[in-house]
Amino acid sequence: MRVLKPFTLAIATVTGLVMGATQADAVELYVSSFNNDSVLRFDGDTGAFIDTFVPEGSGGLDGPVSLTFGPDDNNLYVISFLTNSVLRYDNQTGNFIDEFVSSGSGNLFFPQDLTFGLDANLYVSNTGNDSVNQYDGATGAFLEEFVPNPNNPTFLNAPFGVRFGPDDNFYFTSTFTNSLLRFDPTASTLETLATLDPGTFPGGIAFGPDGNLYIANFGANSIDRYNFETDRIEPFVLDIDSPVQPIFGPDGNLYVSSNSTGKGITVAGSVFRFDGRTGEAIDEFIPTGTGGLDGAGWL
């Protein structure tokens, strides 16, 4: 079965889930399993476990969160949260290639999400140091703070989900200010698009097939949609425990990783599926513990 560039890269991808497909090929879903330091692969149509794609601790992987396929023959890039680094794996075998972004490079501390830009460079949310870092897409060398820390904790505090939009602007969440922000790299301007209720704690984000932006609120146990026509936040999924990463599949439905499956109960985590048009729940697509899944993160 051939691994393909994930469709999420076309709109610019999150704590451990990636899907890839073309018209004639099977869909595979990759999920980071935080508590046992591995990346698991599932059938994107049925949710059935295929294999452990990246074995436990391979290359020093410790606390995998966001993952994506890169422009270099679709190799897999995974944030190793507890080592403050980004590791690279072969897209066919899952074998460790190298530590692409070395530990702490560019003052990287508790990174959460990553995405490649149209310039083929890598962008990483430097959550612990309140910035977004840019790294050379060929060498992994630190280039600059793409979105610098404005030294104003009421404006930018713990950036989390990161994505480039179809307008080439850069969108990201600021968890502790409960806000969605947009950075214009041409004008170097940063603006707050929306401020959510205190304690919402927005995290992973994804652009939908409708062109709108979907936000996982792990504090509010919900998924919101930012509507670009109305410039407003709209509720989309009203009840999902501790959502981490939203992602749309080739079927147009929304897949969301969750780190708990019961109110107030921390468990191994699952991946849930929702109707991509209405937000209504369809099923628990990958139940907790499937294939050893322990701490479902980015998709």
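**Hairpin, sheets, ring pairs and cores in an all-strand chain**

Strands β3 and β4 form a hairpin with five residues between them. In the turn, Gly-47 has a positive phi of about 85 degrees. The model is predicted: local features need pLDDT of at least 70, side-chain atom pairs count only at pLDDT 80 or more, and totals for chains, interfaces and linings use all residues. Residues are numbered from 1 along each chain as its sequence is written, and side-chain values use heavy atoms, with hydrogens and water left out.

Strands are DSSP runs (E, at least two residues; helices are H or I, at least four), numbered from the N terminus. Two strands pair if DSSP finds at least two bridges between them. Val-39 has Val-54 in β4 as its bridge partner.

Over the chain, the secondary structure comes to zero helices and 24 strands. Of the 299 residues, 57% are buried. Buried means under 20% relative accessible area, exposed over 50%, and partly exposed in between (1.4 Å probe, protein chains only). The accessible surface of the chain is about 11400 Å², with 49% belonging to carbon and sulfur atoms. Areas come from the Shrake-Rupley method with a 1.4 Å probe; for residues, only the protein chains shown count as cover.

Axes are lines fitted to C-alpha atoms (for helices over the stretch in contact), and angles run from 0 to 180 degrees between N-to-C directions. Within the sheet, four bridges join β7 (residues 85-89) to β8 in the antiparallel sense. Tyr-89 stands opposite Phe-96 in β8.

Another open sheet of four strands has the order β17-β18-β19-β20, again with antiparallel pairing. Its edge strands, β17 (202-207) and β20 (232-237), each pair on one side only. The twist averages 30 degrees from one strand to the next. Five bridges connect β18 (residues 213-217) with β19 (residues 222-227), and the two pair in the antiparallel sense. Here Tyr-214 stands opposite Arg-225 in β19.

A search of the whole structure finds 29 aromatic pairs. Rings of Phe, Tyr and Trp (its six-membered ring) pair if their centres lie within 6.5 Å; planes under 30 degrees apart count as stacked, over 60 as edge-to-face and the rest as tilted. The ring centres of Tyr-77 and Phe-116 are 5.0 Å apart and the planes stand at 75 degrees, so this pair is edge-to-face. Tyr-77 lies in β6 (residues 76-80) and Phe-116 in β9 (residues 114-116), so the pair ties together parts 39 residues apart in sequence. Tyr-77 is buried, at 0% relative accessible area. Phe-116 is also buried, at 6%.

The rings of Phe-81 and Phe-110 have centres 4.8 Å apart and planes at 20 degrees, so the pair is stacked. Phe-81 sits in the loop between β6 and β7, and Phe-110 in the loop between β8 and β9, so parts 29 residues apart in sequence are tied together. Phe-81 counts as buried at 14% relative accessibility, whereas Phe-110 is partly exposed at 33%. Elsewhere, ring pairs link Tyr-123, Phe-146, Phe-164, Phe-170, Phe-172 and Phe-183 into a cluster.

The largest nonpolar core holds 27 residues, and Leu-76, Val-86, Leu-122 and Val-124 touch the most other members. Strands β4, β5, β6, β7, β8, β9 and β10 (122-126) each supply at least two residues of this core. Its largest share, four residues, comes from β6. Apart from this core lies another, of 12 residues, including Leu-40, Tyr-255, Leu-293 and Ala-296. A nonpolar core is a set of buried Ala, Val, Leu, Ile, Met, Phe, Trp, Tyr and Cys residues joined through side-chain atoms within 4.5 Å. Leaving aside neighbours within four places in sequence, Leu-76 is in contact (heavy atoms within 4.5 Å) with residues including Val-39, Phe-53, Val-54, Leu-67 and Leu-87.

Gly-106 is found in the loop between β8 and β9. Its C-alpha lies 5.7 Å from that of Phe-142, although the two residues are 36 apart in sequence. Beyond neighbours within four places, Gly-106 is in contact with Asn-126, Asn-133, Tyr-135 and Phe-142.
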